[in-house]
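Please consult the sequence and model while reading.

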Amino acid sequence: MSMKQKILIEGVGSFLPPQYIVDAREAQSRGQMTAEEVRREENKVVDDIVERQLAAGLREVTSGEIRRHRWDKDFWLGFKGIELEHVDTGYIYEPVEPYTDVIRVVDRIEANPQHPFLSGFRYLLDKVNGRAVCRQTMPSPANLYAEIVGISQGNIASVYPYSDDLVADIAKAYNDTLKSYYDGGCRSVQFDDTVIGRLCDMSYEKELLRGGIDMNKYQADIIRVLNQSVAGLPADMQVSLFISGGDVAVPRWSASEEPDNIVPKVLRDVNINKFYMPFDPSNLESIAVLKHLPADKRVVVGLVNAHTPWADGFMDFNTALDEVLKYVPAERLAVSPQTGFKLSGTLRRGLTYEDQWRKLKMLSDALEGKTVVSR
């Protein structure tokens, strides 16, 4: 029996903040506002972002990552054993000199039952009040592993005395934290990962090889830390994986089944059943990587540019979507922007708080009436 299947819209989870919260944080830095006053302003932003997501038809909503200053380190600083240090020199595994704050491992990495992100999720849960699924985004455990490998220049024992247990310690910290979220009412978590996507870039892989990294072990450790992080979670807790290329948002996807191509292994071997994957709609060949997606897993394909305020070319969009449907049936598919909207440099590209909602509306309109026959 055949039936028409509508393709759903999803969001990646992060949203550009309105100017008034940017101004409030600047006022706080000058001593003109207290942390509590800024928190109240953040609550107002979260309230608005929740309502906007619901109005856009999203079935899963986030707090927009509004409370986060650093997309990855703020979460890791909630673990025991990790502190922050400001440096002004780079290290070998980064494509550019960071000149920024970096983490320092000062003790064994462990979960913190009072992780500071938990209170933000509880606020989101109360605000949504059952109208949608509340999704918590967090940096991938693979990113924390890669960060420590980078800081240590490949000699993990130089920064982590329990080097043989690094993967297990990171995974347990995440696993315990996810269980705390579950106890707090969370049923959907999204890992934001830039390591897997960057490994699609030959130049990044060469940097690792020049640093003496065993790529087979590195890839195996990435898959292992992801799998151990989600092991034993309750059956009704969904964990998804957003694969980004980092600064180059869309990874250089390759469909080839080769030892150095980590993507087929991740899609097949990682015990996560939902992936967010951005694509360039004008590069149809890259979409063939979806042939490696197992039949019991879902994918959200990013086909709309989240970096610019102007409309996308929906001729390319429709052609790309038709190509995606050659590999993934509509019932296991959704469409999203390529990335979250809250990205460094977004303001310099002219994107405003209102533009991101217009982008979602454009995406919704493009999918309106786009149904396929499902058998």
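Helices (H or I, at least four residues) and strands (E, at least two) are DSSP runs, numbered from the N terminus. The model is predicted, so that local features need pLDDT of at least 70 and side-chain atom pairs count only at pLDDT 80 or more, while totals for chains, interfaces and linings use all residues. Residues are numbered from 1 along each chain as its sequence is written, and side-chain values use heavy atoms, with hydrogens and water left out.

Q: Where does glutamine 153 lie, and is it buried, partly exposed or exposed?
A: Glutamine 153 is placed in the loop between H5 and H6. Buried means under 20% relative accessible area, exposed over 50%, and partly exposed in between (1.4 Å probe, protein chains only). Because its relative accessibility is 40%, glutamine 153 counts as partly exposed.

Q: What is the phi of asparagine 129?
A: Most residues other than glycine have a negative phi. Asparagine 129 lies in the loop between helix H4 (117-128) and strand S6 (133-139), and it is exposed, with a relative accessible area of 63%. Its phi is positive although the residue is not a glycine, at a value near 55°.

Q: How many aromatic pairs does a search of the whole structure find?
A: Rings of Phe, Tyr and Trp (its six-membered ring) pair if their centres lie within 6.5 Å; planes under 30 degrees apart count as stacked, over 60 as edge-to-face and the rest as tilted. On this basis, the number of aromatic pairs found in the whole structure is twelve.

Q: Which residue forms an aromatic pair with phenylalanine 15?
A: The pair is stacked, with 5.8 Å centre to centre and 25° between the planes, and its members are phenylalanine 15 and phenylalanine 341. Phenylalanine 15 is in the loop between strand S2 (8-9) and helix H1 (19-29), whereas its partner, 326 residues away, is in the loop between strand S11 (333-337) and helix H12 (353-367). Both residues are buried. The partner is phenylalanine 341.

Q: What kind of aromatic pair do tyrosine 145 and tyrosine 218 form?
A: Tyrosine 145 belongs to helix H5 (residues 141-151) and tyrosine 218 to helix H9 (residues 215-230), 73 residues apart. Tyrosine 145 is buried at 4% relative accessible area, and tyrosine 218 is buried at 3%. The centres are 5.9 Å apart and the planes stand at 40°, which makes the pair tilted.

Q: Which residues of H6 make the contact with H5?
A: The axes of H5 and helix H6 (residues 166-183) come within 10 Å and cross at roughly 140°; axes are lines fitted to C-alpha atoms, for helices over the stretch in contact, and angles run from 0 to 180 degrees between N-to-C directions. Contact means heavy atoms within 4.5 Å. On the H5 side it involves Pro141, Leu144, Tyr145 and Ile148, and on the H6 side Leu166, Val167, Ile170 and Tyr174.

Q: Which residue's ring lies under the charged end of arginine 187?
A: A charge sits over a ring if NZ of Lys or CZ of Arg is within 6 Å of the ring centre and within 35 degrees of the ring normal. The charged end of arginine 187 is 3.6 Å from the centre of the ring that it sits over, which belongs to tyrosine 182.

Q: With which residues is threonine 308 in contact, leaving aside its neighbours within four places in sequence?
A: Threonine 308 lies in the loop between strand S10 (298-304) and helix H11 (314-324). It is buried, with a relative accessible area of 11%. Leaving aside those neighbours, threonine 308 is in contact with Leu351 and Lys359.
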